[in-house]
Amino acid sequence: MMTRRITQLLIGLAMYGISLAMFIRAGLGLDPWDVFHQGVSGKIGWSIGTVVVVVSFLVLLLWIPLRQMPGFGTLANAVLVGVFADIGLALIPAFSHLGGQIAMLAGAVVLNGIASACYIGARLGPGARDGLMTGLARRTGWSVRLSRTLIEVVVLGVGWLLGGSVGAGTVVYALAIGPLVQLLLPLFTVPEKARQTAPEAVPAVP
């Protein structure tokens, strides 16, 4: 069971990084956090993957006052998404015509949804940004929706001011990713327990 969880986590994080590269190559706008990452990248000259990694660990520092504890998946997320984003950018060409851009955007949304369901379903710890959202909600009593909205409005605004890409892709992502992950998550969630039928039903070690 643990082998499956780790394998699914790593595949999910790799796909997530590739989907980020696809969003960038589509050139039609990014999700709020990646608008911020791209804006910072443009200002300081680091690759966007490097910015993603550094921001992930800075966000993890905000977990300390929220009394959040990272899991293995949290730390893997902090490193691997950025690494695979840079790999994807090195391999995926940009599109100059609208048809290719739309196709790339659609593929990025679908791949991101699958990737999110994979790493969340592995149950090895939330990503740094998701943990910030849930930790803030728990400590303040705000709803998760309100916490997420406030955080993403702030990073989107800052990222846009720094020159990050906001556009139709930003809106498509916001509308599509929640329902898509909700649809896919049951397919990828690793059950907490497994049963053996012989000689006895024994809980598996997660």
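F36 counts as buried, at 17% relative accessibility; buried means under 20% relative accessible area, exposed over 50% and partly exposed in between, with a 1.4 Å probe and protein chains only. W33 is buried as well, with a relative accessible area of 11%. This is a predicted model, in which local features need pLDDT of at least 70, side-chain atom pairs count only at pLDDT 80 or more, and totals for chains, interfaces and linings use all residues. Residues are numbered from 1 along each chain as its sequence is written, and side-chain values use heavy atoms, with hydrogens and water left out.

**Aromatic pairs**

- A search of the whole structure finds three aromatic pairs; rings of Phe, Tyr and Trp (its six-membered ring) pair if their centres lie within 6.5 Å, and planes under 30 degrees apart count as stacked, over 60 as edge-to-face and the rest as tilted.
- Y16 and Y119 form an edge-to-face pair, 6.0 Å centre to centre with 75° between the planes.
- This pair links distant parts of the chain, with Y16 in helix α1 and Y119 in helix α6, 103 residues apart; helices (H or I, at least four residues) and strands (E, at least two) are DSSP runs, numbered from the N terminus.
- Both Y16 and Y119 are buried.
- The ring centres of W33 and F36 are 6.2 Å apart and their planes stand at 85°, so this pair is edge-to-face.
- Helix α2 (residues 32-44) holds both W33 and F36, three residues apart, about one turn of the helix.

**A charge over a ring**

- The charged end of R129 sits over the ring of W33, 5.3 Å from its centre; the criterion is NZ of Lys or CZ of Arg within 6 Å of the ring centre and within 35 degrees of the ring normal.

**Nonpolar cores**

- The largest nonpolar core has 34 residues, and those with the most contacts inside it are L9, L13, Y16, M22, F23, I24 and L105; such a core is a set of buried Ala, Val, Leu, Ile, Met, Phe, Trp, Tyr and Cys residues joined through side-chain atoms within 4.5 Å.
- Helix α1 gives the largest share of this core, nine residues.
- A second, separate core of 15 residues includes W33, F36, V40 and I151.

**Confidence**

- The protein chain averages a pLDDT of 91, and 93% of the residues score at least 70; pLDDT is the predictor's confidence in each residue, from 0 to 100.
- Over residues 194-206 the pLDDT is below 50.
- Where pLDDT is low, the predicted coordinates should not be read in detail.

Terms used: Contact = heavy atoms within 4.5 Å.
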